[in-house]
Amino acid sequence: MPREAEISINEREFIKQALQEQIRLDGRAFDVFRSLELTFGEEYGVADVQLGKTRVIARISVDVVTPAPERKFDGIFQIVTEFSPMASPAFEIGRPTDAEVILSRILEKAIRRSNALDTESLCIIAGQKCFALRADVHIIDHDGGLIDASCIAVIAALQHFRRPDVQVEGEKAIILSVREREPIPLSILHQPLCVTFSYFEEGEIYLVDANVAEEQVRQGQVIITMNKHGEICQIAKYGGATVNPLALLNCTNIALEKVKQMSKFIQQKLDEDNKKRNPKGLMNELSAENARENAVIPG
Amino acid sequence: MASALTVVLPGDVVAQDALPTGTGKKKTLTLGPGLRHIPPNTVTTTVAGTLVTDNRKNAALVEYNSGRYTPFAGDLVIATVNGSAAENFNCLLTPETPPAALPHLAFEGATKKTRPQLPPNSLVYCRVASAGKDQPPELTCVDPSTGKGEGLGPLKGGMLFKISLGMARRLLAPKSELALLDVVGAKVGFEITVGRNGLVHVDGGNVRTTLAVGRGIQEVDQKALGESGQRKLAADVLKSL
């Protein structure tokens with residue numbers, strides 16, 4: 001298995017010493033995220049997240065397939081992660097590192113199993129046709145905080161994505177192209193986001209959004225996924241350090257605050273993007289719910 | 001360095017009068033990285049940067065900020081020990097390059113009985129003894145003619161900061177002038193060790209000084225601060241201590 005180049009003893013000792021003096025390498029406070037950037041692509045369903053130097057791109061694509069026989073009324077939703085060797089010399093295609101395994105497992109738990117996406121809405125004809133949604137997560141640059149950044153990217157991309165409309169006539173389904181019918185957004189039930197806490201000094205010190213150097217020095221991590229309503233979707237703890245239950249409670253409070261900020265940020269970016277795509281609100285004119293005026297047919 | 005810098009772009013033809021004339025013993029012109037000779041008498045550039053000429057050595061090269069370090073014999077580098085083999089330490093110069101070999105006996109005063117013990121992931125300041133295309137680079141911590149260390153050897157304490165290769169070359173240049181270091185150095189004591197592989201090791205005795213100096217150097221590098229910018233930064237650094 002490819003291994004990450006380990007941090008030197010000098011750096012390790014320095015980071016520990018600095019943390020004891022309440023100093024972080026980049027001058028942030030312990031519970032502050034790095035600067036977050038979110039941009040959407042030309043197409044629907046492409047989100048590019050930059051968290052400090054970490055960069056993650058998520059892309060949603062859709063296909064029509066036959067649903068699984070035991071789940072006739074459900075569509076298919078799949079999250080695929082890919083670590084580009086461009087991001088770090090430790091990444092190789094086809095040979096997943098521990099970080100990659102953990103990332104895909106957490107995303108699976110956080111987004112898929114928490115039912116963030118209503119898969120029933122992806123069904124076209126029960127037992128015969130459904131949409132298969134695929135979220136590809138590409139790690140473009142690695143400076144720690146991959147889980148948090150990937151989760152933001154997937155959730156933002158899902159909210160940004162529009163699937164083509166379908167017309168069902170009995171046993172026949174027609175997928176309508178973008179030209180024929182305006183594509184429709186996915187039905188998203190809630191927006192789970194991850195916040196990773198890194199533990200140092202036997203659980204005495206914890207950091208939010210550690211960079212790659214801090215990640216190499218930490219003793220353990222706690223990943224909390226929750227939505228902006230404060231509902232915890234999952235908690236995962238990796239590494240050996242013991243964590244005080246009361247501290248964990250405190251973590252969930254911090255996580256809630258961070259998740260609220262991030263949700264607001266994503267929503268704001270989505271609105272901006274929407275405004276850019278839909279100048280002067282012309283899209284609303286297309287809605288079938290609009291009042292009809294009796295058009296005078298000339299001739 | 002010449003007072004007026006010539007900025008060149010890839011494909012530019014270097015004028016004859018911009019090249020050194022070769023006043024000394026050396027008659028043949030030596031072309032360094034970034035320059036290409038097209039027979040009979042044309043010299044063109046292959047990268048963007050500043051043209052640097054040395055009349056005494058009759059040499060010309062293009063100074064540019066490249067991304068990746070390739071070892072050359074004679075470079076001073078900060079290596080990370082990866083592990084110890086029979087006669088060598090396996091070292092990494094950057095995570096991207098293949099490992100380099102540092103012989104156990106290439107330390108000052110080292111003999112077969114008193115070889116240095118370096119645990120994995122410790123830092124060593126050393127010189128590239130040989131580097132070829134097809135063999136791993138070899139490192140050394142002694143001057144082969146005198147057998148003295150001359151400041152090379154294991155690095156203790158402090159902190160490592162990543163800088164660009166251009167910045168590392170600038171800091172290692174014989175007459176390097178960094179206003180930031182001059183101003184800060186006049187008030188507080190610290191020690192910096194620059195490796196040509198894009199690393200700088202700073203030891204300021206305590207966490208605050210080390211961090212302030214290291215981040216100051218990184219900021220000068222990233223924002224390409226000029227003299228006045230550096231003085232302003234130096235004042236901020238001193239205020240933060």
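Start your tour by selecting Cys126(B): at 0% relative accessibility, this cysteine counts as buried. You are looking at a predicted model. Cys126(B) is in no disulfide, and the nearest cysteine sulfur, 4.8 Å away, belongs to Cys141(B). Select Cys141(B) next; with 1% relative accessibility, Cys141(B) is buried too. Because a disulfide here needs two cysteine sulfurs within 2.5 Å, the 4.8 Å between Cys141(B) and Cys126(B) leaves Cys141(B) in no disulfide. Across all chains, the disulfide count is zero.

Stay in chain B and highlight helix α1, residues 165–172. Which of the α1 residues of chain B are buried? They are Leu165(B), Gly166(B), Met167(B), Ala168(B) and Leu171(B).

Now move over to chain A and color strand β6, residues 129–141.

- β3(A), residues 54–65, runs antiparallel to β6(A) and is joined to it by eleven bridges. Pick Val62(A) and you will find Leu133(A) of β6(A) opposite.
- β4(A), residues 76–83, runs parallel to β6(A), with eight bridges between them. Here Phe83(A) stands opposite Ile139(A).
- β5(A), residues 123–125, is antiparallel to β6(A) and linked to it by two bridges. Ile125(A) has Lys129(A) as its bridge partner.

For the last stop, zoom in on the hairpin of β5(A) and β6(A), where three residues lie between the strands. Click on Gly127(A) in this hairpin: its phi is positive, near 80°.

Key:
Residues are numbered from 1 along each chain as its sequence is written. Chains are lettered from A and ligands numbered from 1 in the order in which they are written. This is a predicted model: local features need pLDDT of at least 70, side-chain atom pairs count only at pLDDT 80 or more; totals for chains, interfaces and linings use all residues. Side-chain values use heavy atoms; hydrogens and water are left out. Buried means under 20% relative accessible area, exposed over 50%, partly exposed in between (1.4 Å probe, protein chains only). Helices (H or I, at least four residues) and strands (E, at least two) are DSSP runs, numbered from the N terminus. Two strands pair if DSSP finds at least two bridges between them.
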